[in-house]
Amino acid sequence: MVVFSAASDTEKQGDAMSGADTGEEEYRKPAIPVPNLNLGKSLRTLDAPEEFPEVIPLNVGGTYFTTRLSTLQRYEDTMLAAMFSGRHHIPRDAEGRYFIDRDGAYFGDILNFLREGELPQRDRVRAVHREAQYYAIGPLLESLEDTQPLTGEKVRQAFLDLLPYYKENLERIVEIAKLRAMQRKARFAKLKICVYKEEMPITPYERPLFNSLRFERSESEAKLFEHHCEVDVSFGPWEAVADVYDLLHCIVSDLAERGISADQQCIGVCDKHLINHYYCKRPIYEFKITWW
């Protein structure tokens with residue numbers, strides 16, 4: 001990891017490259033972050049600018065690269081341009097290569113973009129995006145966010161933003177499943193999860209009046225329908241074209257992203273009687289979480 005610290009308050013204010021920590025943020029952060037130039041132990045600022053050769057040998061976390069100085073300086077508002085601006089000392093390894101304390105697995109993709117604008121293959125996009133955040137390469141971030149799978153993730157996230165409790169419920173699923181499996185000394189655990197889109201039950205009598213995504217009742221009428229299904233976790237309601245099956249896909253996919261195997265099936269509906277001829281009728285799904 002390479003760090004820079006200014007010699008005086010004046011230089012700190014004048015150096016646009018000593019901004020906020022970009023780290024490994026979520027992909028939805030601004031496309032052009034401020035370069036992270038305060039990442040750990042300090043390196044001294046040079047009294048006189050350092051002169052670099054035209055060809056730069058690099059050691060990125062033990063992986064060796066060679067590139068032109070102009071390639072590293074292609075976009076001035078980046079960490080790499082600041083590192084090789086001559087204002088800061090960069091450590092070298094025993095062979096004289098400039099050392100960057102970062103995993104070099106995807107640094108080749110970074111160089112390929114700086115050289116000729118080449119983008120990584122789809123299966124490398126997410127990892128390269130994280131590296132582009134770290135090195136604060138705005139043009140690369142913008143290009144990656146306009147390609148799959150990040151574009152699809154942005155669309156999906158727009159839907160999940162309608163459910164502010166989504167992440168908390170996902171954590172609750174994991175915790176309940178883990179606790180039950182440990183208590184039963186079992187390989188898997190089962191949970192009941194309610195996933196419903198509509199705020200309140202709609203009967204055949206009301207269907208002709210239902211002309212919007214959300215059926216409106218008066219406050220006094222709404223209280224008659226307040227009800228919590230007897231399940232472990234409940235998702236809903238929301239107002240969007242995306243339906244229950246879309247949300248189920250999100251839940252299973254996000255659990256799989258964490259290495260958790262989940263299968264689900266609908267096991268019926270909530271038959272809770274509310275009032276008169278009204279019943280809950282929200283669908284109930286059984287989730288089977290397999291731990292090994």
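A charge sits over a ring when NZ of Lys or CZ of Arg is within 6 Å of the ring centre and within 35 degrees of the ring normal. Keep that in mind. This is a predicted model.

Start with Arg 102. Its charged end sits over the ring of Tyr 134, 3.7 Å from the centre. Together with Phe 65, Phe 107 and Tyr 135, Tyr 134 forms one aromatic cluster. There is another charge over a ring: Arg 184 lies over the face of Phe 188, 5.9 Å from the ring centre.

Next, ring pairs. The whole structure has 10 aromatic pairs. Take Phe 159 and Trp 238. Their centres are 5.8 Å apart and their planes stand at 70°, so the pair is edge-to-face. Phe 159 is in helix H7, and Trp 238 is in the loop between strand S5 and helix H10, so the pair ties together parts 79 residues apart in sequence. Both residues are buried.

Then Tyr 166 and Phe 235. Here the centres are 6.0 Å apart with planes at 55°, so this pair is tilted. Tyr 166 belongs to helix H8 and Phe 235 to strand S5, 69 residues apart. Buried or exposed, Tyr 166? Buried, at 5% relative accessible area. Phe 235 is buried too, at 0%.

Key:
Residues numbered from 1 in each chain as written. Predicted model: local features only at pLDDT ≥ 70, side-chain atom pairs only at ≥ 80, totals over all residues. Heavy atoms only, no water. Phe/Tyr/Trp six-rings, centres within 6.5 Å; stacked < 30°, edge-to-face > 60°. Helix = DSSP H or I, 4+ residues; strand = E, 2+ residues; numbered from the N terminus. Buried < 20%, exposed > 50% of the residue type's maximum accessible area, 1.4 Å probe, protein only.
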